[in-house]
Amino acid sequence: MTDAVSLQVARRHRAALLRDIQMFEQAIASPIGEPGWRERVSTRLHTLRAAFAEHIVVTEGDDGLYAELLEHAPRLTHRVKLLIREHAAIAVAMSSLQRRADLAGSRSGDLRACGGEVLRALSRHRQRGADLVYDAYETDIGGET
C-alpha cells in the first residue's frame, strides 16, 4: 500500500464524485411527470459535469494520480491512455446531454435514456479506474461509502 498524496486526493474525490453521480441518478430516475423534473435533471447534471471536470484534473494533472501511478507502474501506460480517452468521451456525452436537458422541446424519455447511458459509462469508467489503481498499488481506492 502506498501513502501517495495524489492517491489520497483521488480517494476523497472519488467519494464526492460518487455522491454527485447518485444525485443525478436519483433525479433522472424520478417520475418524469413531477413538476420541475427537467430542471432538477439539468441542475444535477451541471453539478456532475463540474465534479467530473475536477476528476479529470485530479487524475490527469501534472501532479495527478496517473502521473504518480505511471511512475510507480509504467507497465500500465496503455490502460491510463484508455481512461484518458474515456474522460474525453464521457465529457462530450455529458455536454450533449446537458444541451438536451436545457432544450425545452426535447423528449423527456430520450433525456432519461441518454442519462442512463452516461451513468453506465461512468460506472464502467469508475470500475476500470479502481482496477487500475489496485493493479498498480495492490490497494482498493475506496470511496464507495
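Predicted model: local features only at pLDDT ≥ 70, side-chain atom pairs only at ≥ 80, totals over all residues.
Author: Contact means that heavy atoms lie within 4.5 Å.

Reader: Which residues is Phe24 in contact with, leaving aside its neighbours within four places in sequence?

Author: Val41, Arg44, Leu45, Leu48, Leu97, Gly115 and Leu119.

Reader: How should I read a nonpolar core, and how many residues does the largest one have?

Author: In soluble globular proteins, nonpolar side chains tend to be buried together. Here the largest nonpolar core has 20 residues, and Phe24, Val41, Leu48, Met94 and Leu122 have the most contacts inside it. At least two residues come from each of H1, H2, H4 and H5. H2 contributes the most, with six residues. A second, separate core has 14 residues, among them Leu7, Ala10, Val80 and Val133.

Reader: Which residues of H4 are buried?

Author: The general idea is that an α-helix has 3.6 residues a turn, so residues three or four places apart point the same way. The buried residues of H4 are Val80, Leu83, Glu86, His87, Ile90, Met94, Leu97, Gln98 and Ala101. Their cover includes helix H1 (5–29), H2, helix H3 (65–72) and helix H5 (108–137). Ala93, also in H4, is partly exposed, because its relative accessible area is 34% and that class runs between 20% and 50%. Its C-alpha lies 14 Å from that of Arg124, at a sequence separation of 31 residues.

Reader: What span should helix H4 have, and how far apart are its end C-alpha atoms?

Author: The 26 residues of H4 (residues 77–102), at 1.5 Å a residue, should span 38 Å; the end C-alpha atoms are 38 Å apart, so the two values agree.

Reader: How do the axes of H3 and H5 cross?

Author: Two packed helices are described by the angle between their axes and the distance between the axes. For H3 and H5, the axes come within 9 Å and the angle is roughly 35 degrees. The crossing is left-handed. On the H3 side, Leu65, Tyr66, Glu68, Leu69 and His72 take part, meeting His125, Leu132, Val133, Ala136 and Tyr137 of H5.

Reader: Is His125 buried or exposed?

Author: The cut-off for buried is under 20% relative accessible area; His125 has 4%, so the residue counts as buried. His125 belongs to helix H5. Its side chain makes a polar contact of 3.2 Å with the side chain of His55. Beyond four places in sequence, His125 touches Phe52, His55, Tyr66, Leu83, Glu86, His87 and Ile90.

Reader: What does the side chain of His13 reach?

Author: The backbone nitrogen of His55, at 3.1 Å. His13 lies in helix H1 and is buried, because its relative accessibility is 7%. With residues up to four places away in sequence not counted, His13 touches Ala51, Glu54, His55 and Val58.

Reader: Where is Val58 found, and which residues does Val58 touch, not counting those up to four places away in sequence?

Author: Val58 is in helix H2 (residues 37–60). The residues touched are Val9, Ala10, His13, Gly64 and Leu65. Val58 and Ala10 are 48 residues apart in sequence, yet their C-alpha atoms are 6.5 Å apart in space. Val58 has a relative accessible area of 14%, which means that the residue is buried.

Key:
Residues numbered from 1 in each chain as written. Heavy atoms only, no water. Helix = DSSP H or I, 4+ residues; strand = E, 2+ residues; numbered from the N terminus. Buried < 20%, exposed > 50% of the residue type's maximum accessible area, 1.4 Å probe, protein only. Expected span 1.5 Å × (residues − 1). Polar contact = N/O pair within 3.5 Å; in protein donor to acceptor, adjacent residues only side chain to side chain. Core = buried A, V, L, I, M, F, W, Y, C linked by side-chain atoms within 4.5 Å. Axes fitted to C-alpha atoms, helices over the stretch in contact; angles between N-to-C directions. Left-handed = near helix turned anticlockwise from the far one by under 90°.
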